[in-house]
Amino acid sequence: MPDAEGHPTLDEMELQAVMKALSDPMRYLVVATLAAQPDGTERSCTSFGLPVSKSTRTHHFRVLREAGLVRQVDRGNSRMAQLRREDIESRFPGLLKLIADSAGPVS
């Protein structure tokens with residue numbers, strides 16, 4: 001059962017939900033960007049510069065969170081996103097390498 005913030009456990013991470021989350025180019029970019037960062041990097045949702053409204057950005061991060069790709073933590077008045085690298089690699093070995101290889105350089 002997902003925790004109070006909507007993060008699924010490792011066993012609850014489903015390939016179909018992960019692939020659906022990654023099917024959107026903006027969400028794919030978020031995961032690729034975080035995958036290119038050092039492990040443990042946290043970024044505010046606004047720092048990705050997605051060209052969408054706040055409500056749409058919130059939706060994109062909810063989909064990523066509910067698929068188990070990111071962990072979101074409140075830090076003051078900001079919501080930070082962190083890639084669940086270890087969980088993703090454990091559940092779907094090689095997926096992050098495929099994303100990194102196909103995304104090319106990201107910032």
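Biologist: Let me start with one residue. Does Ala-67 count as buried or exposed?

Modeller: Read the relative accessibility against a cut-off. Under 20% means buried. Ala-67 has 3% relative accessibility, so Ala-67 counts as buried. Keep in mind that this is a predicted model.

Biologist: Where is Ala-67 placed, and which residues does Ala-67 touch beyond four places in sequence?

Modeller: Find the element, then list the contacts from elsewhere in the chain. Ala-67 belongs to helix α3. With residues up to four places away left out, Ala-67 touches Pro-8, Met-13, Ala-17, Val-18 and Ala-21. Thr-41 is 26 residues from Ala-67 along the chain, and their C-alpha atoms are separated by 19 Å.

Biologist: Now a loop residue. Between which helices is Phe-92 found, and is Phe-92 buried or exposed?

Modeller: Phe-92 sits in the loop between α4 (85-91) and α5 (95-103). Apply the cut-off again: at 12% relative accessibility, Phe-92 counts as buried. Beyond four places in sequence, the contacts of Phe-92 are Met-13, Glu-14, Leu-15 and Val-18. Met-13 and Val-18 also touch Ala-67. As for Arg-27, 65 residues from Phe-92 in sequence, the C-alpha to C-alpha distance is 18 Å.

Biologist: On to the sheet. In what order do the strands stand?

Modeller: Start from the pairing. Strands of a sheet pair through backbone hydrogen bonds, in either a parallel or an antiparallel way. Here there is an open sheet of 3 strands, ordered β1-β3-β2, with antiparallel pairing.

Biologist: Why is one side of β1 and of β2 left without a neighbour in the sheet?

Modeller: Look at the edges. β1 (42-44) and β2 (70-75) each have a single partner strand, so one side of each lacks a neighbour in the sheet. Direction ignored, neighbouring strands are turned by 35° against each other on average.

Biologist: How many bridges join each pair of strands?

Modeller: Take the pairs in turn. β1 and β3 are joined by 3 bridges. Among the partners, Glu-42 bridges to Gln-82 in β3, and Arg-43 stands opposite Ala-81 in β3. β2 and β3 pair over 6 bridges.

Biologist: What volume does the largest pocket have, and which residues are closest to its centre?

Modeller: Go from volume to lining. The largest pocket has about 260 Å³. It is lined by 13 residues, and Cys-45, Lys-54, Arg-57, Thr-58 and Arg-79 are the closest to its centre. α3 (54-67) and β3 (78-83) are the elements that each give two or more residues to this lining. α3 gives the most, with 6 residues. By class, the pocket lining holds 2 nonpolar, 6 polar and 5 charged residues.

Methods:
Residues numbered from 1 in each chain as written. Predicted model: local features only at pLDDT ≥ 70, side-chain atom pairs only at ≥ 80, totals over all residues. Heavy atoms only, no water. 1 Å grid on protein atoms, 1.4 Å probe; cavity = no way out; pocket = protein on both sides within 12 Å on 5 of 7 lines; lining within 4 Å. Points joined across faces, edges and corners; volume = space filled by probe spheres on them. Helix = DSSP H or I, 4+ residues; strand = E, 2+ residues; numbered from the N terminus. Nonpolar A, V, L, I, M, F, W, Y, C, P; charged D, E, K, R; others polar. Pairing = 2+ DSSP bridges. Axes fitted to C-alpha atoms, helices over the stretch in contact; angles between N-to-C directions. Buried < 20%, exposed > 50% of the residue type's maximum accessible area, 1.4 Å probe, protein only. Contact = heavy atoms within 4.5 Å.
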